[in-house]
Amino acid sequence: MTYTFLQNYWWVLVSLLGGLLVALMFVQGANVQLINPRLDQMRKRMVLNASGRKWELTFTTLVTFGGAFFASFPLFYSTSFGGAYWVWVLLLITFVFQAVSYEFAYKKKNLLGSKFFRLALAANGVLAPFLVGTAVGTFFTGSDFYVNKDAIADASSPVISTWGSGWHGLEALGQGHAVLLGLTLVTLTTILGALYLIKAVDDHSFRKKMRKVVRIVAIPFLVLFLTWFAILLFKNGYAVEADGSVSIERSKYLQNFLQTPAVMFLVMAGVTLLVTGLHFGALTKSHRKGFWCAFAGTVLVVIAVFFLAGFNGTAYYPSNTHLQSSLTIRNSSSSYFTLKVMFWVSLIIPFVVAYIAYAWYKMDRHGITDREIEKTTHKY
Amino acid sequence: MDLVTWSRLQFAMTAAYHWLFVPLTLGLALIMAIMETLYVVKKDDFWRKAAQFWIKVFAINFAVGIATGIILEFEFGTNWSNYSWFVGDMFGAPLAIEGILAFFMEATFFAVMFFGWNKVSKRFHLASTWLTGIGATISAYWILVANGWMQNPVGTTFNPDTVRSEMASAQAFWEVVTNPVAVSKFFHSVTSGWMTGGVFVVAVSGWYLLKGREKVFAKKSMLIGALVGLAGSALVMLSGDSSGVHATEFQPMKLAAAEGLEDGGRRAPFSLVPGVEIPGMLSILATHDLDGYVPGINDILNGYTDNDGNVIPSVAEKMARGRKALDDLAAYRDLREEFPDSAAVFRAALEENVQYMGYGHLEKPEDVVPPVGMVYWAFRFMVGLGMLLALMLLLATLFAWKDKLEGKKWFFIFALICIPLVYICGQCGWIVAEVGRQPWTIQGLLPVNVAISSLSAGAVKTTFFLFLAIFALFLVIEIRIMLGAIKKGPQISEE
């Protein structure tokens, strides 16, 4: 195994984890329904219990995504997390509230009332995909940072990665293209959440309402996604030359798209699956498999987005402050031996996916009913 | 206060808060798994209800533990940016492996355990309960591999081209995984979790007996809790002994601070409290040899010869060599592209002193001395409370085993008092381990003042108070809900 192979392998794995994370944010999308005025208290409780059986998977994928990035591309971890401080802190806070809200929401003596925790879950449902989407959006718009590895020898100012903007990440909210991706993710996860609830909750009128949600949100989602993607293809990109230097190149991402058949295939297959999922969810009366189509489609499209950002000689985390500080797969990765050891560890992932799939299958054979919520004591 | 202090405070607060929830998770996981096993083996519905009650308590505790765990992971990047780059190559791998091997196991099977009573078979449910606990334990192992590496950084080499510590070889990973400090810390931490779980279950059971409620449930729970806690206590002592020996070998300043030992030597005394000493005992505990040499704070500052005959330089000399290493590093990086031959000379010079490079960032030799008073007293409280808790668990085992619990009001109150004590004991252990290794994030390689992110002190101060408010709120709610669940009880009929 060469170093280049291992670096590429880990970019593929990080892309896969990114794809799974976005798709698993159906949990966040489902929780948006907790503030849907057309749902009564029982239906909201059913939503909470349906997403509550899966939230730890999303949470764990986020943690593993962060851990994998830390282990395989530590310069991204140190630069982005230490620099875009407020974005990551805000994201953390929404997830921290999410983690406790399930357990606290319907418990007596929860001090703040169940409405507060439902609102916290809904806030996480909107903010988490928005912040993740905007953060990933900066992979294409660039951020304000400077990397100077010589700094470690300077006792007065030893920090290697410094952020150029005093807003520490919040300045991304001023980058229209990045924000567009954030909004795209909010609509996408809302759709995924509604499709999941159609599958997980056994209630005819509720499903009807969720199909309506899919129909309403599908239009802004398609407009946002297609606009973001069209701008991406024709905007300037950040090319890595043979000597490792970075330069601005016209329509770089369009070139990446056209020159990489795998990306073209992933985008086309992903979009087809997503549209099929939308069709099953929005335009049929009894079809419940739309979730899986849209889930798979989301994973494929997000992988393609990561490939566009990092492969084909592209800087995946560009610096607008100092172009040569931009992060590439080559200059930001871990050492050969670390990537090699983790390559062997990663071979266990199919086994992990298999037991998750088995447990999911066993737990979800029957949809959640209002009777179950009324009778069982094992619920949120 | 400056940025370094606020960054340290924020991380310390998050870690300490996280450590309030983890031990109970580890301990209760074992206890409820034993109870559910009894249900499946004996086919006695009593044990199902008993296990369900403790699982309910476990779930309340588990949520806050998870919430604080993610903050810790992200804070490595947000607040310790230089650290993340400098050691990401070594430290990131265990963290990623923890996610892949442990977190998914916990997450998947927790959902089955909590929601799956009527959805999956008895055996699959039992397996899920065990796997939730095993997942938590595997998670503890990998995070302690990472932590153990910070205390004893094995298998690494500094690369001046990338300016970071890198894995020296593929085999070096096994050195990291089997690092003796990590192995000791794992057993010490996990078994202290069993002890915490045991104390908690014994005390809650005692409260029911004090109130004259849930008698059968309380007696049976108390026996299992006491046995698990007692086993935990014994293993905590054993692993604590090896932790002491490792501290002498790899972190002598931590041991000297924990003992308040200014001047060491052979037949070093163990300080019970200031002014009360047991002659020779420290040498026995730290080296397993009455004549073993234990360096004191002044010995470490001024240089000494260790038990293997190695001459350890003074801190002043290490600092001088560290500064030389930093100068050579700067010169190497300055020249390497245009004048590779000259650069090679500086690189060779760097190799001679690279092991002391971290010392080059210190301002004065005394910087290597951690807060002695805090570490000294934390160690005494940890050991003293640990013994008291072990005594309580021993009594609980005897009383429950012989069915002599009736009328032991004094014991039930004693057990209840032990709940806050077991948490204080755990926090003291954390203080000894983490405050005792200051000023190092990575022992000898990277001091805290070089590990930070480029942020304003005000920004970290703001998030410190933000997290403090959130943690305080969650703690109050968690305690209220848990007390509510305990007051309600398992409601098992006792004909």
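The following paragraphs describe a predicted model, beginning with the contact between two chains and ending with single residues. Residues are numbered from 1 along each chain as its sequence is written, and chains are lettered from A, with ligands numbered from 1, in the order in which they are written. Because the model is predicted, local features need pLDDT of at least 70 and side-chain atom pairs count only at pLDDT 80 or more, while totals for chains, interfaces and linings use all residues.

Where chains A and B meet, 68 residues of chain B are in contact with 63 residues of chain A; two residues are in contact if their C-beta atoms, placed from the backbone, lie within 7 Å. On the chain B side, at least two residues each come from helix 2, helix 3 (81-115), strand 2, helix 5 (172-177), helix 11 (315-335) and helix 16 (457-488). Helices (H or I, at least four residues) and strands (E, at least two) are DSSP runs, numbered from the N terminus. Helix 3 of chain B provides the largest share of this side, 25 residues. By class, the side of chain B that touches chain A has 45 nonpolar, 16 polar and seven charged residues. Here Ala, Val, Leu, Ile, Met, Phe, Trp, Tyr, Cys and Pro count as nonpolar, Asp, Glu, Lys and Arg as charged, and the others, Gly among them, as polar.

Helix 13 (residues 336-346) of chain A has buried residues, namely Phe337(A), Thr338(A), Leu339(A), Lys340(A), Val341(A) and Met342(A). A residue is buried if 20 or more other C-beta atoms lie within 10 Å of its own, exposed if 12 or fewer, and partly exposed in between, with C-beta atoms placed from the backbone. The buried residues of this helix pack against helix 1 (3-24) and helix 4 (55-72) of chain A, together with helix 3, strand 2 and helix 5 of chain B.

Chain B is divided into domain 1 (3-251 + 372-488) and domain 2 (265-361), with bounds that come from an automatic or database domain assignment. Taken over C-alpha atoms, the centres of these domains of chain B are separated by 32 Å. Between them, 12 residues of domain 1 are in contact with 15 residues of domain 2. Helix 7 of chain B gives the most to the domain 1 side, with three residues.

Helix 7 (residues 215-250) of chain B also packs with helix 13 (residues 372-401) of chain B, at an angle of about 140° and with axes 8 Å apart. Axes are lines fitted to C-alpha atoms, for helices over the stretch in contact, and angles run from 0 to 180 degrees between N-to-C directions. The two helices of chain B are therefore oblique to each other; angles under 35 degrees count as roughly parallel, over 145 as roughly antiparallel, 65 to 115 as roughly perpendicular and the rest as oblique. Their contact has 13 nonpolar, four polar and one charged residues.

Finally, some backbone details deserve attention. Most residues other than glycine have a negative phi, and most peptide bonds are trans. Lys43(B), in the loop between helix 1 (3-42) and helix 2 (45-78) of chain B, has a positive phi of about 55°. Lys43(B) is exposed, with 10 other C-beta atoms within 10 Å. Val163(B) has a positive phi of about 60° and is partly exposed, with 19 other C-beta atoms within 10 Å. A cis peptide bond, with omega about 15°, joins Gln438(B) and Pro439(B).
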